[in-house]
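Visitor: Could you take me through one part of this protein up close? I'd like to hear about a single helix and what surrounds it.

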Amino acid sequence: MSIDVWKNWIDYRNSLGKKLQPQSWVKQSQMLETQENPELMINQSIMNGWQGLFPIKNNIAARNHATDDTSWINNLDGEMF
């Protein structure tokens with residue numbers, strides 16, 4: 001897992017006022033080690049505004065939205081906003 005993704009998770013939690021305690025760091029990192037795609041799991045939680053880490057949803061739409069690929073944004077019509 002990328003250290004940048006882990007730092008994003010810590011920063012996200014801090015922004016919510018939910019600072020991770022040392023024991024939480026250890027337990028979450030142990031749990032993430034058992035996951036097939038821990039980065040996707042972290043990104044899913046951040047994207048959905050969750051305070052915790054949860055298993056990846058098994059449907060295609062959820063997996064597609066939880067990825068880091070934001071290249072589609074470049075194709076949006078500027079007048080939409």
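Guide: A quick definition before we zoom in: a nonpolar core here is a set of buried Ala, Val, Leu, Ile, Met, Phe, Trp, Tyr and Cys residues joined through side-chain atoms within 4.5 Å. Keep in mind, too, that this is a predicted model.

The largest such core has ten residues: Val 5, Trp 6, Trp 9, Ile 10, Tyr 12, Leu 20, Leu 32, Met 41, Ile 42 and Leu 53. Two elements, helix H1 (3–15) and helix H3 (38–47), each give two or more residues to this core. H1 gives the most, with five residues, so that's the helix to look at. As a general point, nonpolar side chains tend to be buried together in soluble globular proteins.

For setting, the protein has four helices and zero strands, and its pattern along the sequence reads α-α-α-α. Buried residues make up 25% of its 81 residues.

Now walk along H1 from its start. There, a side-chain oxygen of Ser 2 comes to within 3.0 Å of the backbone nitrogen of Asp 4. As for length, H1 has 13 residues, which at 1.5 Å a residue should span 18 Å; the C-alpha atoms at its ends are 18 Å apart, so the two agree. After H1 comes Gly 17, with a positive phi near 75 degrees.

Next, its sides. The buried residues of H1 are Val 5, Trp 6, Trp 9, Ile 10, Tyr 12 and Arg 13. They cover an arc of only 160 degrees around the axis, so they sit on the same side of H1. The general rule behind this kind of spacing is that an α-helix has 3.6 residues a turn, so residues three or four places apart point the same way. The face turned away from the buried side carries the exposed residues Ile 3 and Ser 15. As for partners, the buried residues of H1 pack against helix H2 (22–33) and H3.

Setting aside neighbours within four places in sequence, Tyr 12 is in contact with Ser 45, Ile 46, Gly 49 and Trp 50.

Follow that last contact and you land on an aromatic pair. The structure holds three aromatic pairs, and one of them joins Trp 50 and Phe 54, edge-to-face, at 5.4 Å centre to centre with 85 degrees between the planes. Trp 50 counts as partly exposed because its relative accessible area is 22%, and buried would need under 20%. Phe 54 is partly exposed as well, with a relative accessible area of 40%.

Conventions
Residues are numbered from 1 along each chain as its sequence is written. This is a predicted model: local features need pLDDT of at least 70, side-chain atom pairs count only at pLDDT 80 or more; totals for chains, interfaces and linings use all residues. Side-chain values use heavy atoms; hydrogens and water are left out. Rings of Phe, Tyr and Trp (its six-membered ring) pair if their centres lie within 6.5 Å; planes under 30 degrees apart count as stacked, over 60 as edge-to-face and the rest as tilted. Buried means under 20% relative accessible area, exposed over 50%, partly exposed in between (1.4 Å probe, protein chains only). Contact means heavy atoms within 4.5 Å. The expected span of a helix is 1.5 Å times one less than its number of residues. The arc is that of the directions from the helix axis to the C-beta atoms. A polar contact is a pair of N or O atoms within 3.5 Å; within protein, one must be able to donate a hydrogen and the other to accept it, and residues adjacent in sequence count only if both atoms are side-chain atoms.
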